[in-house]
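Please read them with the model open.

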Amino acid sequence: MNLGGRQRGQAVVETCVVILVFGVFLLGILQAILFYRVKTTVDYAALEAARNGATHNAKMSAMRVGLARGLMPLYAHKVGNGEATRAYAEAFVAASNPLVSEIRVISPTKAAFADWKERQFDGVEAIPNDSLAFRPSSAGGRSGLTVQDANVLKIRVVYGYKMIVPVIDKLVIAIFRESFYKGLSAREIAMLESGRLPIVSQAMVRMQTPIRDAGVLP
């Protein structure tokens with residue numbers, strides 16, 4: 001009986017199993033590194049969106065511009081002005097696509113707007129942003145926020161990350177769908193079903209301009 005042949009065959013099988021497991025492990029590490037890079041970028045992009053909103057009356061269009069600026073590193077692959085322009089264009093498309101990104105104002109709310117709105121010089125009602133240190137610090141009856149608190153813009157950003165590492169992308173999406181599906185919003189579910197992993201980030205910035213449109217508030 002040729003036991004040596006059997007042992008050599010067993011070694012081949014064991015080697016294949018080890019290579020498969022180790023390969024998946026390496027792919028997982030690569031995807032984790034890429035995910036960390038994207039999460040850090042999305043955190044920065046959310047802050048950029050809040051900053052731009054704070055200086056532009058909390059307009060959603062301004063926040064999308066800020067988000068696109070923050071997301072540019074994800075779309076730039078070379079150096080140069082032309083590449084920066086192309087990266088911004090792609091990032092702006094992503095920031096405007098509801099299946100790729102979402103910006104939602106958390107605070108202030110419509111109730112805070114109703115509590116503190118004042119007619120501005122041009123006749124438009126807004127949450128005042130001037131002389132906040134000298135305004136009353138009592139809480140509004142509808143919102144429970146002071147006028148100072150109503151001037152803090154807090155937003156929630158969701159970015160749908162398209163994973164590029166084979167095998168791991170499908171594995172992570174399947175795990176995410178199985179474990180977290182019930183806790184996702186309709187927009188996040190749509191991202192997940194399109195093969196994108198929802199990455200959530202929040203940012204908070206003090207307003208530098210009055211909030212003039214209650215329609216953007218929750």
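1. Basis. This is a predicted model, in which local features need pLDDT of at least 70 and side-chain atom pairs count only at pLDDT 80 or more, while totals for chains, interfaces and linings use all residues. Residues are numbered from 1 along each chain as its sequence is written, and side-chain values use heavy atoms, with hydrogens and water left out.

2. The sheet. An open sheet is built from three strands in the order S1-S4-S5, with antiparallel pairing. Its edge strands, S1 (101-107) and S5 (196-206), each pair on one side only. From one strand to the next, the twist averages 20 degrees; axes here are lines fitted to C-alpha atoms, for helices over the stretch in contact, and angles run from 0 to 180 degrees between N-to-C directions. Strands (E, at least two residues) and helices (H or I, at least four residues) are DSSP runs, numbered from the N terminus. Two strands pair if DSSP finds at least two bridges between them.

3. S1 with S4. Strand S4 covers residues 152-162 and is joined to S1 by six bridges, the two running antiparallel. Ser101 has Tyr159 as its bridge partner in S4. Glu102 is opposite Val158, and Ile103 is opposite Val157.

4. S4 with S5. Eleven bridges pair S4 with S5, again in the antiparallel sense. Here Gly160 faces Pro198 of S5 as its opposite residue.

5. Burial of the strands. How many residues of S4 are buried? The count is nine of eleven, and S4 is thus described as mostly covered. S1 is also mostly covered, with five of its seven residues buried. Buried means under 20% relative accessible area, exposed over 50%, and partly exposed in between (1.4 Å probe, protein chains only).

6. The largest pocket. The largest pocket holds about 260 Å³ of space. It has 13 lining residues, and the closest to its centre are Leu74, Tyr159, Tyr161, Lys162 and Ile164. Helix H1 (3-54) and S4 each supply at least two residues of the lining. By class, nine lining residues are nonpolar, one is polar and three are charged. On a 1 Å grid over the protein atoms alone, a pocket is an open set of points with protein on both sides within 12 Å along at least five of seven lines, and lining residues have an atom within 4 Å of a point. The volume is the space filled by probe spheres set on the points. Asp, Glu, Lys and Arg count as charged, Ala, Val, Leu, Ile, Met, Phe, Trp, Tyr, Cys and Pro as nonpolar, and the others, Gly among them, as polar.

7. Asp122. This residue sits in the loop between strand S2 (118-119) and strand S3 (125-126). Asp122 is partly exposed, because its relative accessible area is 38%. Its side chain makes a polar contact of 2.3 Å with the side chain of Arg212. A polar contact is a pair of N or O atoms within 3.5 Å; within protein, one must be able to donate a hydrogen and the other to accept it, and residues adjacent in sequence count only if both atoms are side-chain atoms.

8. Asn57. The loop between H1 and helix H2 (60-71) contains Asn57. Asn57 counts as buried because its relative accessibility is 18%. A polar atom of the Asn57 side chain lies 2.8 Å from the backbone oxygen of Pro210.

9. Gln148. Gln148 is placed in the loop between S3 and S4. Its relative accessibility is 16%, so Gln148 counts as buried. Trp116 is 32 residues away from Gln148 along the chain, and their C-alpha atoms are separated by 9.9 Å.

Key
On a 1 Å grid over the protein atoms alone, a cavity is a set of points where a 1.4 Å probe fits but cannot get out, and a pocket is an open set with protein on both sides within 12 Å along at least five of seven lines; lining residues have an atom within 4 Å of a point.
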